[in-house]
Amino acid sequence: MKKECEANEIEVGKIYKFSLKNIPLYFAKIEDAGGCWSKIIVTELCESIYKKNYFVGQRFDIKTAQYEYEEIN
């Protein structure tokens, strides 16, 4: 389900599965979150056409409202 941008919705330290347009991308741990943005570290890759674009351990910022995500732990 696509989430609207809400502060404190994503929790730092938790792992989420992120998808884009219903295509699973990766599992990522949230390192920092504020407003619409989160700093993540990729913990596992999903099988998809985008798999080659990411690697485990990769860190970057995302605009969370552009992704579907669900808490894993």
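In this predicted model, strand β1 is joined to strand β5 (residues 68-71) by four bridges, and the two strands run antiparallel. Within this pairing, F18 has Y69 of β5 as its bridge partner.

Strand β1 also pairs with β2, again in the antiparallel sense, over six bridges. Here Y16 finds its bridge partner in A28 of β2. The hairpin formed by β1 and β2 has two residues between the strands, and K21 in this hairpin takes a positive phi near 55 degrees.

| Strand pair | Sense | Bridges | A bridge partner pair |
|---|---|---|---|
| β1 and β5 | antiparallel | four bridges | F18 and Y69 |
| β1 and β2 | antiparallel | six bridges | Y16 and A28 |

The protein chain as a whole contains zero helices and five strands, and its elements follow the order β-β-β-β-β from the N terminus.

The largest nonpolar core holds 14 residues, of which F18, Y26, I40, F60 and I62 touch the most other members. Two or more residues come from each of β1 (15-20), β2 (23-34), β3 (37-45) and β4 (59-63). The greatest contribution is that of β2, with four residues. When residues up to four places away in sequence are not counted, I62 touches F18, Y26, C36, W37, S38, I40 and Y67.

Of the 73 residues in the protein chain, 32% count as buried. Among contacts between residues at least 6 apart in sequence, 45% join residues at least 24 apart. The accessible surface of the protein chain is about 4700 Å², and carbon and sulfur atoms account for 48% of this surface.

Conventions:
Residues numbered from 1 in each chain as written. Predicted model: local features only at pLDDT ≥ 70, side-chain atom pairs only at ≥ 80, totals over all residues. Heavy atoms only, no water. Core = buried A, V, L, I, M, F, W, Y, C linked by side-chain atoms within 4.5 Å. Buried < 20%, exposed > 50% of the residue type's maximum accessible area, 1.4 Å probe, protein only. Contact = heavy atoms within 4.5 Å. Pairing = 2+ DSSP bridges. Areas by Shrake-Rupley, 256 points an atom, 1.4 Å probe, with all protein chains shown as cover.
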